[in-house]
Amino acid sequence: MTKSIVFRMDWLSLIIYLLLVIFGIINIYSTTLSEVTVSLFDMNSPAGKQFWIFIFSLIFLPIILFINSNFFEHLSLIFYILSILSLLGLFFFGQKISGATSWYFIGGFSIQPSEFAKITTSLLVASTLSSIQADIKKISFITKLLLIIGLPMILVIFQPDAGTALVFLGLFFVLLREGMDMKTLYFGMGFISLFILTLIFGPLILSIALFFILILVYRLILQYYPKTKKTPFVLLYGISVLFNISVNFIFNSVFEQRHRDRFNIMLGLENDSQGIGYNINQSKIAIGSGGFSGKGFLNGTQTKGGFVPEQHTDYIFSTVGEEWGFIGSSGLIILFTVLISRILYRAEKHTQSFPRMFSYCFASMLFVHFFVNVGMTLGLVPTVGIPLTFISYGGTNLMAFSLMLFIYLNLDANRLN
Amino acid sequence: MIRKIVLLAFTLVSCLLFIFQLMALQLFNSEYSERSLNNAIEKRPVYPTRGLIYDRNGTLWVANKPVYDLMIVPENLNSFDTLELTSGLNISKEELLNQIKDAKNFSKKLPSVILRQLSMAVAAKLQEKMWKFPGFYFQKKSTRDYLLPIGSNILGYTSETNRHEIKPSASKVLEVDNLKLLGVNYAVNDSEKSAREEKNLLSKKNNKSKDSFSPINEILENYDPGEMIGRQGIEKTYEKKLRGKKGIQFFQKDRFNRIIGPYDEGKFDIEPEAPENIILTIDAILQDYGESLMMNKRGGIVAIEPQSGEVLALVTAPSYDPNTLIGRDRSKYFNKLIKDTIAKPLFDRSLQAEYSPGSPFKTLNALIGLQEKVISPETVFTCDKGHYYGRGAFMGCHNPIGTKSDLIKGIYSSCNSYFAKTFVRIINSQSTPSEGVDLWKKHLEKFGLGDFLGYDLPIGKRGFIPDSNYYNNWYPRGSWGPNTLISNSIGQGEILTTPIQMANFTATIANRGFFKKPHFKKTINDSLYPKNQTLIDAKHFETVIEGMHQVVERGTARIAKIRGIDVCGKTGTVENFIRLNNEKTQLTDHSIFIAFAPKDNPKIAIAVFIENGYWGARWAAPIASLMIEKYLTGEVKRNWLENKMLKGSLMAEYEKPLLDKPFSIND
């Protein structure tokens, strides 16, 4: 330890973090502003609450920075178990808010343990992957990892909170990075594309189209590699057709109407601006009306009129779009991209695996929040209720991701130890 | 190493994807900003309260008073005592419940009107109990308040605009301007732009409007549903001035379409422009007096200040209280008025009724005769208790046989023979009767006869002065001469005049040869009303005026004499006919009187027309005389005459033809 941690720290990430949170509070203030103008620091207003939780989180910054890095790796299992217990406890002591039993009420605060589970799961995944026995090619090891990720996911799904569960899926990026078969990614993406295409074109047309496409591809490949066999293509086609039909079946028979609606609206197959599509339509109106430079802070007419539901939580980005325009909203997107890229870049510099993997976990979870939330607000991704980290109103989320960032900063600063 | 960049690639691709989508939404699509304006901003017009109307002495005549619409927001409804509410409002429970149902069907969150235009008294009584009726509230509006219940024919009335007065394009233009107003990048497409410029040029060329074309101005001038518009009288003529210019307020709406406050602190609001108040030329006291005198009679009174052309009183009878045409019961009263086709209270007899002018018209024939030198003041004609103008053709006269009259006596004794002979001389003064008639008409037109006078009220009639063409049409072979149109010599026959035309030619005589266009709005700009000169020399007027003076001093209208004031006048008694059971039936004569006073420096010229009042001296002359006395001295000393006129009724006379049995006239 030659220099103080202050000089070794990843200042860029910290500054982006501070900018994002402050910008978030400003937008929460604008969204929730009522006729009775309250102080920004009033604990009773959402913006005030967010502000004080931000301050409270910052108290942990020096504490976490000066903790020995090994602490996190060694205690990860204990943290994980505590976290799983807290998720289980929800089924007995939890409070229901808008349909999901995801909350504890303690001393006037509502705490969402699933947010902290994101940290603890990341820690355990990182420490497991970095252990000496780690061999990602072994089925038993993979199973172990899937259990670690799956357990909190299942508990969260039963709350039910599908959005948060989706965030845990982001950890597959880590598994990929650490050597999981790349085919998983290709097949995964392939199936997602097939899924969407089936919904758009229907199984029959898609099956016929795929047939011709595959013949074309096979012919092309034959020209360069004359020995290529037909079998894998036939197999691929068979699986695809089966998948198409099952997607159709699952979509129409297993999915509930609200799920179908979400997909249909996202894919533009249904135009319903007053019913289920209202949220997304209003969100797009708000963003679109912002124009290049936006309507200005506190001047968003859509924001003031409360046209976009849940605007201070899940749809906060629509306020950004309306009041700060293209400049503000694309700026925010770039800040997020820089932050995630920065974390990934620094992660790759680590010589030790635990810090690298934890950073990776952090980045991938950030990415899922960013991608799903902004995509949803812009009408590109089906409606899934998860907050935009650092920007949306939500104390536990801010707290959890702040702590995660601080842990990342600690690990990053102490890379040479 | 592809694994290392998978997540990075995902992040960067998402970043680009999002920015592309933002560009699509925010930079290359104006649809969203338009929709945002439509659903988040409400434009509300602000109406200035209508301009006030004063009489010539500064007495406030027409003001505005608040009325209240009972409104409801159905979502705020709670159980309430329907009986208590309906008893205060004077409507049935079913009606109330129906209205509430309609309101609910319209919108649960937006206000609807339950009852329109409740008076302050009704609203005030309920106001203190409103807490018992959640969801209901009163919305204040403004309506006319006629402080003096007179002059409905002058003032006219206001009512809500109807559908075809509202321009449908207005709202669209407003959207465009809003966009610009709000700084939204909105390009007016080229064709629209060039259309506007063209219109701009046109308006400059025609010099019709000095303001350059501006859609926002156009919008502000357009009428909205429910806005009040002047329908008749002064309210219509001076609609633009009395209305002022409305403004626009912009409000922020919430997702339930409710207004949650001003938009951007009212930065874009357009202030309404205050209307102009109008001072009338009418003397309210004289008008009021005239209307009282006309009670239970039919006819009109027009009084004009000769030098200025200002109308001092314009009375028509029967009339109505202007206050009945405001508020909730407006249509009920209006229907009653419009359906009365016998008394026709909405028919302004002073402006619209075309009568034969009768004997007062003799003054004009005398003037024309003098100017054309066919008679002189000394010309004497002998009356044979009438005038023979052809075989079996005789025009009676009330003067005894052998009465020798010069012009002055001819006037004050109203000798029919004298003016028949004068008239024949006028027609014969030219080489053909046609030229004679046309010359005669040319003179009369200079007195404002046979044409609308151009006064500032929206209704009127031309009257009628025949010319040679008219007679050539009737007698195509030219077989007509002065005797054919002899009735015109004494103001019967083909000619028709309205009471305001009669008052106007009286004013012309009083002015010794000119008149100024009669008008109802006071102005300091004298040049608006140039002198209209007649073709007759001033000296001839003195002769005729002397004759008219003698009418009151010793002639047919001695009853019109006022102590201390030299009144000049001329009576008239006009035969008139109606068709009854398909037969031409004569009714009791109309009673007419024209007068001005004082003789030198006249201050008032007046024409009084009383339908079926018989002798001019019986009703018209006393009424004119009382009006003159009231106006010039401020009080009436002849109480016996005043009482007789105020209490006198001709209703029995008017009922005669309706009773479906034979009746006598002129008794």
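Mentor: Chain A has 18 helices and three strands; both are DSSP runs numbered from the N terminus, with helices being H or I of at least four residues and strands E of at least two. Keep in mind that this is a predicted model, where local features need pLDDT of at least 70 and side-chain atom pairs count only at pLDDT 80 or more, while totals for chains, interfaces and linings use all residues. Residues are numbered from 1 along each chain as its sequence is written, and chains are lettered from A and ligands numbered from 1 in the order in which they are written.

Let's go to the strands. Strand β1(A), residues 95–97, runs antiparallel to β2(A), residues 100–106, and three bridges join them; strands count as paired if DSSP finds at least two bridges between them. Across that pairing, Lys96(A) faces Thr101(A) of β2(A). The two strands make a hairpin with two residues between them, and Ser98(A) in its turn has a positive phi of about 40°.

Now follow β2(A) onward. With β3(A), residues 109–111, β2(A) pairs in the antiparallel sense, again over three bridges. Here Tyr104(A) has Ile111(A) of β3(A) as its bridge partner. This hairpin also has two residues between its strands, and Gly107(A) in the turn shows a positive phi of about 55°.

Of the contacts in chain A with a separation of 6 or more, 68% link residues 24 or more positions apart; a contact means C-beta atoms, placed from the backbone, within 7 Å.

Chain A also meets a partner: 40 of its residues are in contact with 37 residues of chain B. On chain B's side, the elements giving two or more residues are α1 (2–27), α2 (31–40), β8 (247–253) and β9 (259–262). Of these, α1(B) gives the most, with 20 residues. That side of chain B divides into 19 nonpolar, 11 polar and seven charged residues, counting Ala, Val, Leu, Ile, Met, Phe, Trp, Tyr, Cys and Pro as nonpolar, Asp, Glu, Lys and Arg as charged, and the others, Gly among them, as polar.

Conventions
Contact = placed C-beta atoms within 7 Å.
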